Amino acid sequence: MNRRRSIRLRLTLWYSAVLAAGMIVLNLVTWFALHEALMSSYAGDLENRLAAFASFVEQEAAGHDRADLLEEAREYSTGLPEGDSLRVLDSEGTVLFEHGTMAAESIERSRLFKIRGHEVRLELSAPLHDYYETLGVLRRVMIGVSPVVLALAVLGGGWLARRSLQPVDELTREARAIDEKDLKTRLSVPATGDELQRLAETLNDLLSRIKLSPQRDSFHRRRRARAADPGGRHSRIHRACAAATTVCAGLPRSARGDQKETLHVTTLLDQLLTLARGDAGALELEFDALPVGSLLRQSLRSAAPLAESKGLRLGSVLPDKDSLIWADEAAARRLL
C-alpha cells in the first residue's frame, strides 16, 4: 500500500500548482495582449504616415502632372527611416515609384488616395525589429522571474499550510490532555463555521457518548437479566434458601438433632421454594372446600416444638364448628 502524503505537503503542492497554472495563464495573456497592442500601434502608425505623405504631396507638388507628384514622392522618401519601403501605384496597379525593399518580417499598409485629380495607391511597409525585440525582452523576463516566483510560492504554501493546520494541532493537544477518569472536560469549539468547528463538535459528542457508555452497558445488562428471568424466579428462590438457612442456623444443637424439628425445617424450606415458584407464576393450585379450624389447629401443633425451643407457649381460642373456605390445601397451610 502506498503511503499517502501529509495534508500539509498536499496543501503546499496544490497551492504551488494553482499558482503555477495562474502564472502560465497570466504570462500567455500578457504575451498576446502585448502582441496585439504592438501590432495595432504599428498599423496605426503606418496609416498616419500614409495620410501625412498624401497631404505632403498634395501641398508641395509644383504642378498637376503625375510627374510632379512622383517628384515629391522621391523627395519625401529620402526622409523615411532605414528599412522602410514606399511604393506608388496607379489605379490599374502599375508601379510608378518604388523606394527600398520590403523586409521578410515587416508590416505593410496600403491606401487609395486622389491627389490633384490623380488616383494613386500608396503602399508603406516597416520592419518588425522593434516588435520582436520587445517581445523577446518580455520572454526573458518571464523565464527568469517565473522560477523565482514559483520557489517563493512553495515556501509561502508551506507556511500557509502550517498556519492553517495550527488550530488542528491545538485541538489535538487539548484532546490528549483529557484524562480517561475525567471525561467531563470538553474541547474548545472555535466559532468559525467551517470544518474545524464541526470537528471539535464531533469530538465533544464522542466524549459524551463515551461517558454514557458504562451507564448504558449496565442498563443493558440489567435489561438482559430481566429478559432472561422475567419473574425474578431465581432471585426469589435464592432468597428463600437463604431464609431457610438462617432458620436452621438459629436452632440449638439439641433441636437440630430432633427429627421432628428437622422435618419442620424441611417442610418450611419446601414451602419457601413453592412460594418462590408461585411468585414466578409457575405454581399450579387445586381449589377445594377446606375446614379452616382444622387447618389452624394443625398449624399450631406443627409450630409448637419451635415455639417451646424459644421459651414460648402457643394458645388458641377456636369455635367448635368449623367454617369452610375455598382454597388450595397446601397454599392454605403455608399461609397459616
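What percentage of the 336 residues in the chain do buried residues make up? In this predicted model, local features need pLDDT of at least 70 and side-chain atom pairs count only at pLDDT 80 or more, whereas totals for chains, interfaces and linings use all residues. Residues are numbered from 1 along each chain as its sequence is written, and side-chain values use heavy atoms, with hydrogens and water left out.

Buried residues account for 22% of the 336 residues in the chain, where buried denotes under 20% relative accessible area, exposed over 50%, and partly exposed the range in between (1.4 Å probe, protein chains only). The secondary structure comprises nine helices and six strands, taken as DSSP runs (helices H or I, at least four residues; strands E, at least two) and numbered from the N terminus. Of the contacts in the chain between residues at least 6 apart in sequence, 62% join residues at least 24 apart; a contact requires heavy atoms within 4.5 Å.

Helix 1 spans residues 7–60. Its 54 residues reach 78 Å from the first C-alpha to the last, close to the 80 Å expected at 1.5 Å a residue, the expected span being 1.5 Å times one less than the number of residues. The buried residues of helix 1 are Thr12, Ser16, Met23, Leu38, Tyr42, Ala43, Leu46, Arg49, Leu50, Phe53, Ala54 and Val57. The elements covering these buried residues include helix 2, strand 1 (85–90), strand 3 (106–115), strand 4 (118–127) and helix 3.

Two packed helices are described by the angle between their axes and the distance between the axes. Here the axes are lines fitted to C-alpha atoms, for helices over the stretch in contact, and angles run from 0 to 180 degrees between N-to-C directions. Helix 1 packs with helix 2 (residues 66–77) at an angle of about 130°, the axes lying 9 Å apart. The two helices are therefore oblique to each other, given that angles under 35 degrees count as roughly parallel, over 145 as roughly antiparallel, 65 to 115 as roughly perpendicular and the rest as oblique. Helix 1 passes helix 2 in a right-handed crossing; a crossing is right-handed if the near helix is turned clockwise from the far one by less than a right angle, and left-handed if anticlockwise. At this packing, Arg49, Phe53, Phe56, Val57 and Glu60 of helix 1 meet Leu69, Glu72, Ala73 and Tyr76 of helix 2.

The crossing of helix 1 past helix 3 is right-handed.

Gly83 occupies the loop between helix 2 and strand 1 and, at 35% relative accessibility, counts as partly exposed. Its C-alpha atom is separated by 7.6 Å from that of Met102, 19 residues apart along the chain. Leaving aside neighbours within four places in sequence, Gly83 is in contact with Thr101 and Pro127.

Gln197 belongs to helix 4 (residues 195–228) and is buried, with a relative accessible area of 19%. Beyond its neighbours within four places in sequence, Gln197 is in contact with Val189, Pro190, Ala191 and Thr192.

The C-alpha atoms of Phe287 and Glu329, 42 residues apart along the chain, are separated by 7.5 Å. With neighbours within four places in sequence set aside, the contacts of Phe287 are Trp326, Ala327 and Asp328.

Helix 8 (residues 292–309) contains 18 residues and reaches 27 Å from its first C-alpha to its last, close to the 26 Å expected at 1.5 Å a residue. A kink of about 40° is located at Ala303, shortly before the proline Pro305, the bend at a residue being the angle between axes fitted to the seven residues ending there and the seven starting there. Gly293, Leu295, Ser299 and Ala307 are the buried residues of helix 8, and their cover includes strand 5 (287–291), strand 6 (324–328) and helix 9 (329–335). Gln298, also placed in helix 8, counts as partly exposed at 30% relative accessibility. The C-alpha atoms of Gln298 and Arg333, 35 residues apart along the chain, are separated by 8.6 Å. Helix 8 is followed by Gly311, which has a positive phi near 80°.
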